[in-house]
Amino acid sequence: MEEINVMVADASHEKYIDTILTTIEEAAKVRGTGIAKRSHEYIATKMREAKAVIALSGDRFAGFSYIETWGNKQYVTTSGLIVHPDFRGQGVARRIKDLTFTLARTRWPHAKIFSLTSGAAVMAMNTRLGYQPVTFADLTDDEAFWRGCEGCINFDVLQRTGRRYCICTAMLYDPEEHLPAKIPDDVLQRIKNIDAKR
């Protein structure tokens with residue numbers, strides 16, 4: 001089995017963006033479920049701001065996810081989790097999820113972290129991390145977040161129900177209900193480096 005490195009992405013990883021976007025699109029077709037579409041520049045910005053996690057096996061793309069803040073940084077999402085088909089079944093998704101979750105808790109320790117997913121594997125990972133199923137009313141009311149759903153094939157369901165529910169399950173992690181996060185030194189250093197450049 002090839003060694004797979006999971007790390008906080010930076011500008012040097014922008015060369016993988018087209019592969020990331022293609023992998024997300026293909027996965028959505030296979031599953032027949034919605035995944036919000038993101039632009040090349042959107043993903044590049046996430047990498048430059050240390051708001052993304054990438055998995056690589058040597059120079060080969062293995063997986064990806066990113067984080068975003070909403071509602072004045074009171075809410076954070078870990079989104080776009082994808083593993084390349086060549087690397088599925090090796091625990092890559094879990095490692096990516098763990099690092100994006102740690103990254104979110106490090107940068108915004110008081111923010112609620114939420115997830116909208118239709119995938120059973122993601123629901124299981126969320127549950128293990130302490131997320132609870134909630135109603136859509138418990139999520140951010142930030143219109144910019146909900147506009148991100150417009151690229152999903154199920155957007156009409158969200159519209160028809162007045163944004164009360166959709167195909168996805170809403171899950172929420174409330175930091176007030178958990179102990180402070182234990183942050184790995186390499187993640188802390190990466191964030192300090194990014195913040196020092198601002």
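**Exercise 1.** Work out why helices α3 and α7 are oblique to each other, then describe their contact.

*Solution.* A word on the model before we start: it's predicted, so local features need pLDDT of at least 70 and side-chain atom pairs count only at pLDDT 80 or more, while totals for chains, interfaces and linings use all residues. Numbering starts from 1 along each chain as its sequence is written, and side-chain values use heavy atoms, with hydrogens and water left out.

Step 1: find the helices (DSSP runs of H or I, at least four residues; strands are E, at least two; both numbered from the N terminus). α3 covers residues 92-107 and α7 covers 185-196.

Step 2: get the geometry. The two axes (lines fitted to C-alpha atoms over the stretch in contact, with angles from 0 to 180 degrees between N-to-C directions) cross at roughly 55 degrees and come within 11 Å.

Step 3: classify. Under 35 degrees is roughly parallel, over 145 roughly antiparallel, 65 to 115 roughly perpendicular, and the rest oblique, so α3 and α7 land in the oblique class. The crossing is right-handed (near helix turned clockwise from the far one by less than a right angle).

Step 4: list the contacts (heavy atoms within 4.5 Å). α3 brings Leu-99, Leu-103, Thr-106 and Arg-107, and α7 answers with Val-187, Leu-188, Ile-191, Ile-194 and Asp-195. Sorted by class, that's six nonpolar, one polar and two charged residues.

**Exercise 2.** Now do the packing of α3 against α4.

*Solution.* Step 1: α4 spans residues 120-129, and its axis sits 11 Å from that of α3, at an angle of about 45 degrees. α3 and α4 are therefore oblique, and this crossing is right-handed.

Step 1: on the α3 side, look for Ala-93, Arg-94, Lys-97, Asp-98 and Phe-101; they meet Val-122, Met-125, Asn-126, Arg-128 and Leu-129 of α4. The tally is five nonpolar, one polar and four charged residues.

**Exercise 3.** Decide how the buried residues of α2 are arranged around its axis.

*Solution.* Step 1: in α2 (residues 40-48), pick out Ile-43, Ala-44, Lys-46 and Met-47 as buried (under 20% relative accessible area; exposed is over 50%, partly exposed in between, with a 1.4 Å probe and protein chains only).

Step 1: look down the axis. Those buried residues fall within an arc of 160 degrees, so they line one face of α2.

Step 2: carry on past the helix end. Just after α2, Ala-50 has a positive phi of about 55 degrees.

Technical notes. The arc is that of the directions from the helix axis to the C-beta atoms. Ala, Val, Leu, Ile, Met, Phe, Trp, Tyr, Cys and Pro count as nonpolar, Asp, Glu, Lys and Arg as charged, and the others, Gly among them, as polar.
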